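Hi there,

Here is the structure I promised to pass on.

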Amino acid sequence: MDTIWSMLSDPNMQWIFLGCTLLGISSGVIGCFSYLRKQSLMGDTLAHAALPGICIAFMLTGVKSIGLFLIGAGLSGLIATFGIGYITRNSKLKQDAAMGIVLSGFFGLGIVLLTLIQHGDYGNQAGLDKFLFGQAASMIASDVITMTIVCGLLITVCTLLFKQFKIISFDPGFARGIGYPVAFLEQLLMLLIVVAVVAGIQAVGVVLVAALLITPAVSARYWTDRLGLMVVLSGLFGAASGAAGTWISASVSNLPTGPVTVLAATLLFGLSVLFGPTRGLLAKRLMRQRVKQRFIRESEPLVKGSVKKEAAL
Amino acid sequence: MSLNHTVATKDTKAEAPLAIHGLSVAYQKKPVLRNISFEVNEGELIGVIGPNGAGKSTLMKAALGLIPSIAGEVLVYGKPYKQQRKLIGYVPQRESVDWDFPTNALDVVLMGRYGHLGWFRRPGAKEKAIAMEALSKVGMSDYADRQISQLSGGQQQRVFLARALAQDAKLYFMDEPFAGVDAATEKAIITLLQELKLQGKTVIVVHHDLATVQDYFDSVLLLNVELQAYGPTAQTFTQEQLQRTYGGRLAFLDRSLQSPSIPDGKGE
């Protein structure tokens, strides 16, 4: 394997490396809130729902531009969330079922449109199918600038509205009681998730982008009991995954960056589950053993005493 | 069913802490609350009593504007509650949140100060001092740094009460604070209620343990979709009114009502 430094001497790689790292930070940070609000699957739904939006944006303009795709994906994501809200309010279906229906419906439509585009006479269509599984290698300087703006925006909003996002994640009823516009804040959070998802689709693809929202957040939860630290850790885990994904895929030929990034995040999750302090499996096992040993030590004299008595009989 | 027992501290003719006129709430087609009207007196502890599904929590949530009502008006100290939010403290049911959330007891209590902070300001030293004081009032100052999932149910309830105290409100709503708590917490809550009353605050409590109603509350509000009775506990909490509210499912209550000798848990 090359060292990270020799890889980074290639200017092309620098962009990809930077882009993937920024993407990891953005989705790691915002993913914490969707995980704590028990909406981990929302990111997945939004990602799949983005596909028809991207296709329609391309069909209408014939241009491949992240900015336009962002608008298309944002709009179809918005329609999808309204759809989910409408179904849960007006039927007996629970949110998970509603998400499943909307997710697959939108994704089906997206695939149909994608096929239409590939067989139609759209000139510049090459590469649109890359949105399914992502192609980080196609990232160029302008994409990285977009990613930087997105990342900066997400971090700024999450920092400024940290206490609002915290309280609507923990106790939305109380938040409403003290006069916070909970519906607005929830929509804003949703919008930020859409932005993170759309920014990540190019690199990681529609199918896997949600992993970057969920996995670093869940991993970070294993290391801390404080929300502030959890958000920072989750961003770092996301960044590390993005960096590792770029590095590994650049060193080993023919490995796709996006999926390797997701695998790196999954590996970090595995390590967290095993080694997380207090919540990790290892820590729990050690704790149980310690309690058991103390119990045995403390009750030993009693046991010995009863054995002696029995022997005497 | 008007209330005439006035509060000693009321020198000016102040507006009632809470006045509800013709409040109705419906989920889908079914009415959950029908045409509820009442006014509470300042400085009282008021128990809201009624069978399951009577709309006790709904009444509280509708009064706080947490759920939409289809008709009616809620006035807090003479103004719509939206203008009076800083005067209102709220203790939701403990089960309404996920206690595995990554935060500690002090942090939850600090949330009670958010309404007093600006939109972007973080709680500072002053807020922390208020929150610590609230925690010590419920006997939880030793647990300030404790992750909230490691607290017992009663301790979690006390953290919620401390958060409401930190709100420094004049009118409190508490949704079943006594549900499933240990004896220590029950005692802490009662002491707290008495202290709030001494400070002239008004506390409305959804309550389900009929045996303790006479000891805890100055007034009771009997509810079963419609307002059944409301007034001073001695006159209102009667066998007849309870039968009406609970619809004859109350044979077991005879004993507790016939024994006026139940000690009131204050002077221990």
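**Starting at a hairpin in chain B**

Val76(B) stands opposite Lys79(B), which belongs to β5(B). This is a predicted model, in which local features need pLDDT of at least 70 and side-chain atom pairs count only at pLDDT 80 or more, while totals for chains, interfaces and linings use all residues. Residues are numbered from 1 along each chain as its sequence is written, and chains are lettered from A and ligands numbered from 1 in the order in which they are written.

Strands and helices here are DSSP runs numbered from the N terminus, with at least two residues (E) for a strand and at least four (H or I) for a helix. Two strands pair if DSSP finds at least two bridges between them. β4(B) and β5 (residues 79–80) of chain B run antiparallel and are joined by two bridges. Together they form a hairpin with two residues between the strands, and Tyr77(B) in the turn has a positive phi of about 50°.

On β4 (residues 71–76) of chain B there is also a pairing with β1 (residues 18–27) of chain B, antiparallel and over four bridges. Within that pairing, Ile20(B) has Val74(B) of β4(B) as its bridge partner.

**The rest of chain B**

Chain B has nine helices and ten strands. Six strands make an open sheet with mixed pairing, in the order β6-β7-β8-β3-β9-β10. At the edges stand β6 (88–91) and β10 (226–232) of chain B; each has a single partner strand, so one side of each is left without a neighbour in the sheet. On average, neighbouring strands of this sheet are turned by 15° against each other, direction ignored. For all the angles in this note, axes are lines fitted to C-alpha atoms (for helices over the stretch in contact), and angles run from 0 to 180 degrees between N-to-C directions.

Inside the sheet, β7 (residues 171–175) and β8 (residues 202–206) of chain B run parallel, joined by five bridges. Asp175(B) has Val206(B) in β8(B) as its bridge partner.

Helix α1 (residues 56–63) of chain B lies across β3 (45–49), β7, β8 and β9 (219–224) of chain B, at about 145° to β7(B). Helix α8 (residues 239–246) of chain B lies across β9 and β10 of chain B and runs at about 155° to β10(B).

**Chain A**

Chain A has 14 helices and zero strands. Its C-alpha atoms fill a box of roughly 100 × 55 × 35 Å along the principal axes.

Which helices does α2(A) pack against? One is α3 (residues 40–61) of chain A: α2 (residues 11–36) of chain A packs with it at an angle of about 120°, with the axes 6 Å apart. Contact here means that the C-beta atoms of two residues, placed from the backbone, lie within 7 Å. Gly31(A), Ser34(A) and Tyr35(A) of α2(A) meet Ser40(A), Met42(A) and Gly43(A) of α3(A). These residues divide into two nonpolar, four polar and no charged. In this count Ala, Val, Leu, Ile, Met, Phe, Trp, Tyr, Cys and Pro are nonpolar, Asp, Glu, Lys and Arg are charged, and the others, Gly among them, are polar.

Another is α11 (residues 209–221) of chain A, whose axis comes within 7 Å of that of α2(A), crossing at roughly 70°. That makes α2(A) roughly perpendicular to α11(A), a label given to angles of 65 to 115 degrees. The residues of this contact divide into eleven nonpolar, five polar and no charged.

**Burial and the interface**

A residue is buried if 20 or more other C-beta atoms, placed from the backbone, lie within 10 Å of its own. By that count 46% of the 313 residues of chain A are buried, and 43% of the 268 residues of chain B.

Ile193(A) is among the residues touching the most other members of the largest nonpolar core, which has 165 residues. Such a core is a set of buried Ala, Val, Leu, Ile, Met, Phe, Trp, Tyr and Cys residues joined through C-beta atoms within 7 Å. Leaving aside neighbours within four places in sequence, the contacts of Ile193(A) include Ile30(A), Met42(A) and Leu213(A).

Finally, the contact between the chains takes 18 residues from chain A and 17 residues from chain B. The chain B side divides into ten nonpolar, five polar and two charged.

Best wishes

Definitions and conventions: Buried ≥ 20, exposed ≤ 12 C-beta atoms within 10 Å, placed from the backbone. Parallel < 35°, antiparallel > 145°, perpendicular 65-115°, else oblique.
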